[in-house]
Amino acid sequence: RGLGRMAGAGSGDAASVLVVGADADGVAPSLLLTCDRGSKRQYLFGCAEGFSRLALEHRVRPTGKLRACFLTSFHPNACGGLGGTFLRLSGDGHGDLLVAGPSGVGAHIRALRRFVRFRHPQVTALRLVPPAAAVDAAANPDDDHVAQSYEDDSIRVFPLFKRFEHADECQLCEMEAEAKRKRKREKDGAEKEEEEEEEEEEEEEEEE
């Protein structure tokens with residue numbers, strides 16, 4: 001029904017990932033990461049419309065250890081299930097939850113509170129910004145915090161932004177491209193040195 005587990009190989013696995021989604025029901029995939037050792041903390045990546053219902057049906061709903069939810073956009077496939085998840089967490093007695101996302105995450109949570117009535121969990125909004133952006137919380141008073149990444153004792157999460165609105169390249173793509181250019185420069189430099197050595201050897205043979 002669209003559920004699947006992924007985990008690293010070996011006995012020292014630190015976390016497992018559960019993919020929750022059902023294409024036939026129109027529930028886009030969301031990822032629930034659970035730390036297998038120590039704190040048993042959980043982190044939700046994406047909260048598609050229908051996530052809470054599907055997780056409840058299959059008995060895989062987030063536990064009281066859910067620490068944060070990360071949103072990539074405000075499309076229903078990315079955050080349409082946030083309101084229902086808040087209500088489910090409230091019913092389970094969940095205390096605190098951080099929701100991290102792009103610009104507007106604080107305003108989105110504030111809007112949800114207008115028609116999704118809940119006292120708990122205590123939701124904190126974290127706006128994630130590109131590395132070059134100035135970290136200024138005053139730019140949007142709806143955001144509780146502004147940072148370039150999220151980090152705690154278990155994980156570190158940083159977003160990959162497109163440089164331009166309609167660009168096809170992201171930070172990861174640019175890093176890979178730069179690594180390729182560096183390898184090419186090193187290869188070209190090594191070939192040039194080899195050619196120079198061969199020329200020197202030929203000159204020495206001619207002198208002899």
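Which residues line the largest cavity? The lining is made up of F51, S52, R61, P62, T85, R88, L89 and D92. The model is predicted, with an average pLDDT of 80 for the protein.

**Overall make-up**
- The protein has 208 residues, and buried residues account for 34% of them.
- Its secondary structure consists of 5 helices and 10 strands.
- Take the contacts between residues at least 6 apart in sequence: 51% of them link residues at least 24 apart.

**Confidence**
- A pLDDT of at least 70 is reached by 80% of the residues.
- Strand β4 (residues 42–45) has the highest confidence, at 95.
- Strand β1 (residues 3–7) has the lowest, with a mean of 50.
- Residues 6–12 have a pLDDT below 50. In the model, this stretch still makes 9 contacts beyond near neighbours in sequence.

**The cavity**
- The structure holds 1 cavity of 30 Å³ or more.
- Two elements, α1 (51–57) and α3, each give two or more residues to its lining.
- Helix α3 is the top contributor to this lining, with 3 residues.
- Sorted by class, the lining has 3 nonpolar, 2 polar and 3 charged residues.
- Empty space of this kind is found by rolling a probe the size of a water molecule over the atoms.

**T85, a lining residue**
- T85 is one of the residues that line the largest cavity, and it sits in helix α3 (residues 82–91).
- Is T85 buried or exposed? T85 counts as buried because its relative accessibility is 4%, under the 20% cut-off.
- A polar atom of the T85 side chain lies 2.8 Å from the backbone oxygen of G81.
- Setting aside residues up to four places away in sequence, T85 touches C47, F51 and S52.

**I109, in helix α4**
- Helix α4 (residues 105–115) contains I109.
- I109 has a relative accessible area of 6%, so it is buried.
- Which residues does I109 contact beyond its neighbours within four places in sequence? They are V99, V123 and A125.
- For the pair I109 and A125, the C-alpha atoms are 7.5 Å apart, with a separation of 16 residues in sequence.

**Two loop residues**
- R59 belongs to the loop between α1 and β5 (66–70).
- R59 has a relative accessibility of 80%, so it counts as exposed.
- The phi angle of R59 is near 55°, a positive value in a residue other than glycine.
- D36 belongs to the loop between β3 (27–35) and β4.
- D36 is partly exposed because its relative accessible area is 29%, which falls between the cut-offs of 20% and 50%.
- D36 and A15 are 21 residues apart in sequence, yet their C-alpha atoms are 4.9 Å apart in space.

Definitions and conventions: Residues numbered from 1 in each chain as written. Heavy atoms only, no water. Helix = DSSP H or I, 4+ residues; strand = E, 2+ residues; numbered from the N terminus. Buried < 20%, exposed > 50% of the residue type's maximum accessible area, 1.4 Å probe, protein only. Polar contact = N/O pair within 3.5 Å; in protein donor to acceptor, adjacent residues only side chain to side chain. Contact = heavy atoms within 4.5 Å. 1 Å grid on protein atoms, 1.4 Å probe; cavity = no way out; pocket = protein on both sides within 12 Å on 5 of 7 lines; lining within 4 Å. Points joined across faces, edges and corners; volume = space filled by probe spheres on them. Nonpolar A, V, L, I, M, F, W, Y, C, P; charged D, E, K, R; others polar. pLDDT = per-residue confidence, 0-100.
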